[in-house]
Amino acid sequence: MATLSYTTRRQAVEQTFPLAVMVIAPLLAIFIQAYVPKIFPRFAMLDLPLVVTLYFSLARRSQIYGAILGTSVGIWQDALTQLPLGINGICKAILGYMAASVSMRLDVDNQGTRLLLVLTLSFINSVLHLCVMRWLLNVHQDWSWGMEVLRAVLNTAVALPIFVLLDMFRQRS
Amino acid sequence: MESFFVRYRNPLLLVALVLLQVILLASQIRRSVPGSTDGAQVRLVRLWVEGTESPFESLLHGIGHGVRSTWSNYFALRGVKKDNDQLKAEIDRLRLEQAAMAEDARQGQRLQALLDFKQHYLASTVAAQVIGTSGTDLSRVLYVDKGSRDGVKPDMPVITRDGIVGKVREVLGPHTAQLLLINDQTSGAGVLLEKTRIRGVLRGNTYGQLEVVNVMPDDRIQAGESIIASGGDQIFPRGYPVGKVDKVQRDPAHDPYVQVLVTPSANLSRLEEVLIVTGQSQTQPGNVAEDIATSEALAEQQKKAAEVMAEKLPTVKPEQMEADGLSPALHQPPPAIHPDRFTTGATPAASAMQPGVTPTATVPVAAAPKAKSESSDAAAGLDAPHPVPPVKKLKTPAEKPPAQKAPADQSSPGAAAAPAPAATVNP
């Protein structure tokens with residue numbers, strides 16, 4: 001009788017997605033992020049590309065994949081602003097790596113874990129952004145704890161349904 | 001050594017990625033292409049990214065615009081007659097206002113010409129639709145559907161009918177340009193507070209609010225004061241509205257300066273259509289001159305109509321009153337009981353006065369039986385510091401009789417009301 005066995009825990013729970021989903025989902029997130037604030041200006045507080053980056057990094061459980069995906073998405077986002085390329089790239093590369101690192105140690109299919117992870121990583125994204133702006137670019141940027149916590153909470157609130165939606169496309173390898 | 005790289009492959013890759021991007025950041029700060037704000041390679045990346053996104057954004061914008069316009073056009077027809085009447089009435093009113101202001105404007109232009117001041121008028125504009133944003137509230141950038149094919153160039157001012165919006169930062173193709181809004185942290189505009197005439201630099205803060213920075217504390221700056229473009233930045237048209245003062249607060253980073261928070265005239269968060277100023281000239285555009293001429297013609301018509309109306313309205317005329325048996329004297333002031341130099345008729349007409357000559361009082365003949373002096377010392381009459389009360393005509397101070405000696409009946413109301421020709425001092 002043939003049996004299917006996994007050699008490691010990572011292989012056991014690593015999830016793969018159709019290539020089209022892995023390409024289109026980040027692009028769609030960036031597109032929506034650029035278009036919707038024209039209609040709902042408050043939407044600019046969210047960071048959909050970050051949410052998608054975190055999702056794929058958590059699901060793939062690969063630090064290299066997370067870092068590369070974060071870099072690509074971040075630079076794409078930077079290209080839409082007037083700011084130098086690399087600001088979001090650096091932040092999201094680090095966050096993708098962190099998310100993948102955490103996912104190898106925790107059960108990230110649990111909604112509660114996801115919620116806490118996205119909340120924490122969104123806040124870290126704000127901190128990293130501030131550090132890059134102040135220390136690497138010497139650009140003064142005000143910091144408001146309330147605003148950044150609110151941003152993290154909103155990202156988390158949006159992330160949960162997006163995660164559920166993207167879960168529908170995953171394939172177990 | 002090999003095991004080190006294998007073991008730490010993942011963190012090393014992350015470090016390499018971050019380091020590469022730090023180098024990329026550093027290189028962008030140093031380099032820039034003439035006429036562009038970015039380096040050549042960075043500009044290329046932006047072109048690719050925007051080239052990928054903008055077709056979809058344009059498509060989505062077109063669909064949304066079509067649906068909205070169909071919907072709104074249908075409902076707009078319901079009240080179009082009423083709106084049209086209201087607008088016509090408003091146009092007439094505004095034309096009259098414009099005619100009144102045109103003369104002041106011409107006077108201002110003449111004065112500016114005397115001072116060799118260069119006035120810039122908006123000669124040509126291009127209407128552009130907003131198709132996208134940067135997607136983050138840390139970068140206030142918009143994308144529009146007009147580009148190099150429409151004559152759009154970097155640093156051209158962007159306005160709406162309400163006020164200034166920003167400037168063209170980059171032209172990314174024949175049909176795409178990137179706008180930098182005035183509420184971005186990296187933007188700046190020269191502004192002027194309209195009443196207090198305080199100049200300053202307008203810029204955005206982290207939260208997208210507009211603020212005029214580095215302003216000395218001044219109690220005259222009040223909330224609600226209008227702010228206009230000063231034209232000092234050589235980008236935004238001088239005098240164009242920018243916003244209103246919201247509040248004045250201390251600037252902790254630049255003590256003792258204050259920050260003037262500004263509410264923008266244009267709704268920067270909901271921009272659908274903007275005007276890119278592609279040309280400015282030092283002469284009035286033809287349509288503006290034509291519009292002013294129309295306004296003046298309308299004002300002239302109104303003036304004539306008012307005159308015709310005045311003729312038709314019943315008016316009281318002296319001849320008609322006499323014919324009706326009414327006395328025009330009704331319009332005369334009541335007679336003075338104790339006439340003095342302020343009494344009606346006591347002061348000579350302004351045309352009769354001469355420079356350097358003391359004004360003389362006209363005195364009724366009956367009231368001045370001894371007014372004619374034998375003395376010819378007219379110069380003495382000049383010594384009188386004030387006009388003499390209309391009791392007597394005086395020639396010299398020696399002949400000056402005491403005023404209280406004037407007979408009471410000589411200053412009777414009838415005499416004051418009908419003054420006789422008076423002798424004047426002839427120096």
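# Reading the helices and cores of chain A

Chain A has 7 helices and 2 strands. Helices (H or I, at least four residues) and strands (E, at least two) are DSSP runs, numbered from the N terminus. This is a predicted model, in which local features need pLDDT of at least 70 and side-chain atom pairs count only at pLDDT 80 or more, while totals for chains, interfaces and linings use all residues. Residues are numbered from 1 along each chain as its sequence is written, chains are lettered from A and ligands numbered from 1 in the order in which they are written, and side-chain values use heavy atoms, with hydrogens and water left out.

Q: Which pattern does chain A follow along the sequence?
A: The pattern of chain A reads α-β-α-α-α-α-α-α-β.

Q: What share of the residues of chain A count as buried?
A: Buried means under 20% relative accessible area, exposed over 50%, and partly exposed in between (1.4 Å probe, protein chains only). Of the 173 residues of chain A, 55% count as buried.

Q: Which residues have the most contacts inside the largest nonpolar core?
A: A nonpolar core is a set of buried Ala, Val, Leu, Ile, Met, Phe, Trp, Tyr and Cys residues joined through side-chain atoms within 4.5 Å. The largest one here has 57 residues, and those with the most contacts inside it are Leu54(A), Tyr55(A), Phe56(A), Ile87(A) and Phe163(A). Helix H3 (residues 48-60) of chain A gives the most to this core, with 9 residues. A second, separate core of 41 residues includes Val144(B), Ala229(B), Tyr240(B) and Val258(B).

Q: Which residues is Ile87(A) in contact with, leaving aside its neighbours within four places in sequence?
A: Contact means heavy atoms within 4.5 Å. With those neighbours within four places left aside, Ile87(A) is in contact with Asp78(A), His129(A), Val132(A), Met133(A), Leu137(A) and Leu25(B).

Q: How do I read the angle at which H4(A) and H5(A) cross?
A: Axes are lines fitted to C-alpha atoms, for helices over the stretch in contact, and angles run from 0 to 180 degrees between N-to-C directions. Angles under 35 degrees count as roughly parallel, over 145 as roughly antiparallel, 65 to 115 as roughly perpendicular and the rest as oblique. For helix H4 (residues 63-79) and helix H5 (residues 87-103) of chain A, the axes come within 7 Å and cross at roughly 155 degrees. H4(A) and H5(A) are therefore roughly antiparallel to each other.

Q: What kinds of residues make up the contact of H4(A) with H5(A)?
A: Ala, Val, Leu, Ile, Met, Phe, Trp, Tyr, Cys and Pro count as nonpolar, Asp, Glu, Lys and Arg as charged, and the others, Gly among them, as polar. This contact divides into 7 nonpolar, 10 polar and 2 charged residues.

Q: What about H6(A) and H7(A): at which angle do they cross?
A: The axes of helix H6 (residues 111-136) and helix H7 (residues 145-167) of chain A come within 8 Å and cross at roughly 135 degrees. That makes H6(A) and H7(A) oblique to each other. Their contact has 12 nonpolar, 5 polar and 4 charged residues.

Q: Is Arg61(A) buried or exposed?
A: Arg61(A) is buried, with a relative accessible area of 3%. Arg61(A) lies in the loop between H3 and H4 of chain A, and has a positive phi of about 55 degrees although it is not a glycine.

Q: And is Asn138(A) buried or exposed?
A: Asn138(A) is exposed, with a relative accessible area of 67%. The loop between H6 and H7 of chain A holds Asn138(A).
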